[in-house]
Structure formats: C-alpha cells, structure tokens
Amino acid sequence: MSQSFDDISAQLKRRHRKSARLKWISMGALGLAGLFLVLFFADMLVKGLPAFKQAQIQVQVDYSEQASQLPLAAVNEDVRSLVSRGYLRLIPGRMEDDPELLGTTRQEWVLADGQVDQYLKGHHSKLKAGEQAVVDRLVEQGRAELRFNTTFFTSGDSKMPELTGIASAAMGTLLTLLVTLAVAFPIGVMTAVYLEEFAPDNRFTQAIEININNLAAIPSILFGLLGLAIFINFFGVPRSSPLVGGLTLALMTLPVIIIATRTALRSVPESIRHAAFGVGCSRWQVVRDHVLPLALPGIMTGSIIGLAQAMGETAPLIIVGMVAFIPDVTTSFTEAATVLPAQIFTWAGEPDRAFIEKTSGGILVLLTVLITLNATAVVLRKKFERRW
C-alpha cells in the first residue's frame with residue numbers, strides 16, 4: 001500500500017529531528033572534551049609554572065677555616081635555617097677549588113630552603129613565626145626574591161625540592177630514544193617493505209600481519225615484562241640502563257612503525273611501479289628508487305608519532321628498573337638512568353608539597369616535547385605529502 005504525502009513528510013521530519021539531535025550530541029561531546037582539555041592545561045599551568053621560579057636570598061658568606069669543617073658556620077645564625085642545606089654542603093668544595101676564597105667574607109645570592117620558597121609563593125610552609133619574620137624583613141630589604149629556576153634544568157634528582165631538576169631524566173630520555181630509533185626504525189621499515197613489496201600472500205605472511213596488528217594493541221606493560229625476561233634475564237643487559245629501556249621501547253614501537261610504513265607504501269600509486277617495471281627496473285630498483293622516496297614522508301610521520309608515544313611510556317620502563325634515584329647526569333648507554341615520565345612518577349609520590357609543582361613542571365616540559373614532536377609530524381606530512 002503506497003504511503004501518502006503526509007506520511008512521507010512526517011517520516012522526513014522525524015529523520016531530520018534525529019539528525020539534528022545527533023549533531024547537537026556530537027557537538028556537545030566535542031565541546032565537553034575540549035573543556036576537559038582546557039581545564040587540564042589550566043591546572044597544569046597553575047601548578048607547574050611556579051616550578052620555574054625558585055627563592056633566593058642574599059646573605060653574608062664567611063669562607064673561614066671553621067666553615068670548611070662545619071659548613072653551617074659560613075652564614076649567620078639568624079638566616080642559617082633559611083639557606084638550602086645543599087648549598088651549604090658545596091662551600092668546602094668551593095674553597096678547595098679556589099683557595100683564594102679562604103678568609104674572605106662576601107655578600108652572595110644563595111639558594112633558599114624549600115620551605116622559604118613555598119612561603120614566598122604563598123603556599124603553606126613549615127617555617128616558624130620567627131623565620132617568617134626574618135624572611136619578611138629580607139623581602140623588604142630586597143634581599144629575598146623569586147628568580148628563574150635554572151637548577152630545575154641543570155641538575156638531577158634530589159631529596160631536597162629546591163635542588164631537584166630534570167637534567168638527568170632528560171639525558172636518560174634522549175639516550176633511550178636514540179636506542180629505540182636505532183633499533184626500531186630500520187627493522188620496522190625493512191619488515192614493512194618486505195611484507196608489502198616482496199612477501200607472497202600466503203598463510204604465513206597473513207599470520208605475521210595479524211600478529212603485528214595485535215602487538216600494536218596490547219598493554220605496554222607486557223613489553224616491559226618481555227624486556228625484563230629477554231634483555232635482562234637472558235642477555236644480561238644492565239638493568240635500569242638506557243640500552244635496556246631503548247630495546248624495550250623498540251619492541252613496543254616496532255608495530256607502529258611497520259603499520260605506518262605499510263600504509264605509506266600502499267599510498268604510492270601502482271602506476272609508479274608499472275612505469276618503473278616498463279623501463280626494465282628490477283623489483284628492488286623499483287622499491288629503492290621510486291616507491292621508498294615517495295613513501296618517505298609518511299614513513300617519517302609514523303616514526304615520529306611512534307617515538308612520541310614511546311617517550312610518554314612509563315609502565316614498561318618501571319619493569320626494567322628505570323625509576324632509580326639518579327642525581328648525576330647519565331653519559332653512557334649502560335649506566336643507570338631514568339626518563340622524564342618515570343621521574344614525574346617518582347616526584348608524584350614524594351610527601352613534600354614542594355614536589356607537587358615540580359611534578360607539574362615536569363609534566364609541562366614533557367607535554368611541550370610531545371606536542372612539538374606531533375606538530376613536527378603534521379608539518380612534515382603537510383609539506384611533503386603528494387596527492388595522486
């Protein structure tokens with residue numbers, strides 16, 4: 001039985017209403033996600049930006065024989081509790097390095113204790129009333145202020161929040177990613193080239209493809225267990241080193257690079273291959289001289305995104321021991337090291353409130369690097385991408 005015009009119009013109106021509702025629901029979900037993202041960044045900025053400032057006070061430093069034996073004697077008693085213990089410990093070493101300092105008295109800007117730093121930033125501190133009065137007096141005299149925290153970028157981990165920094169973690173991250181790139185990139189690209197351009201279509205290659213796709217989706221902590229079992233327990237690679245961390249992350253990054261490379265190879269039109277075959281090129285010459293150069297932008301984009309993902313991983317590196325306390329900057333692939341995500345994880349577990357801003361500051365640095373890597377991947381894709 002044919003429908004009347006009114007019935008058809010009613011059905012169209014219902015469809016349009018459903019489409020409108022779906023549109024508004026989708027826009028609402030997108031707006032909610034954007035709101036959460038803005039709130040997240042705002043919270044990180046509010047908590048993290050103070051980490052880039054550190055309290056310093058101007059005190060009189062007495063480089064005496066007594067100070068070389070008892071560093072606390074180098075400063076006056078009224079400001080002694082306000083000066084960072086880490087700075088005082090350096091005084092005997094400074095006199096050894098520069099003997100001319102012995103017997104001199106100087107006015108110097110020195111690193112303040114973490115509680116002074118929290119007090120100047122308006123946070124809760126454990127300073128006593130008398131110590132707060134001394135700090136207030138120093139501020140009025142212009143002898144106490146917040147300055148740019150160079151220590152945060154030049155020192156390693158420390159149990160004192162005013163002395164802690166990301167230098168050792170940043171170097172450990174760099175060394176780990178170099179190992180990851182050196183292992184995962186050539187193996188991933190060669191595997192993808194073989195599967196896409198040379199391998200026959202049979203059950204064996206189909207099983208490999210299924211396993212590669214599955215490996216890209218399994219939890220990252222399983223790669224940590226695999227790295228612990230293979231690289232540390234079987235091959236004896238040093239625990240907590242950038243070498244074992246990089247090899248573990250290489251296992252995790254391989255499926256991402258393989259899938260991205262195969263996608264880039266498939267985007268090259270078949271006419272390119274046919275034309276190369278038509279002028280007498282071998283299959284390897286076709287791949288080397290024509291297909292790979294055209295697919296390189298996509299390969300680079302996928303590899304950068306894979307490295308950015310590996311840089312943000314913590315779970316597999318915790319399994320292989322890269323959460324060690326590293327006060328000095330690592331300079332070797334086999335020395336104990338840590339990485340930025342693991343360093344942030346460690347700071348988050350510290351009871352001192354001053355480490356909260358260090359945690360947020362580390363997150364800001366990590367987010368900046370990750371956003372830069374992803375932006376670089378997008379720029380490379382837009383610049384070198386060809387449309388056929």
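Start with the surface display: the chain has about 21200 Å² of accessible surface, and 62% of that belongs to carbon and sulfur atoms (areas by the Shrake-Rupley method with a 1.4 Å probe; for residues, only the protein chains shown count as cover). Keep in mind that this is a predicted model, where local features need pLDDT of at least 70, side-chain atom pairs count only at pLDDT 80 or more, and totals for chains, interfaces and linings use all residues. Residues are numbered from 1 along each chain as its sequence is written, and side-chain values use heavy atoms, with hydrogens and water left out.

Now switch to cartoon. You'll find 16 helices and three strands (DSSP runs numbered from the N terminus: helices are H or I with at least four residues, strands E with at least two). The chain is more spread out than a compact globule, because its radius of gyration is 29 Å, well over the 21 Å that the globule rule gives for 388 residues (taken over C-alpha atoms; the rule is 2.2 Å times the number of residues to the power 0.38).

Next, select residues 114–120. That's helix H5, and glutamine 115 sits in it. Is glutamine 115 buried or exposed? It counts as buried, because its relative accessibility is 15% (buried means under 20% relative accessible area, exposed over 50%, partly exposed in between, with a 1.4 Å probe and protein chains only). Leaving aside neighbours within four places in sequence, glutamine 115 is in contact with Ser125, Lys126, Leu127 and Asp352 (contact means heavy atoms within 4.5 Å).
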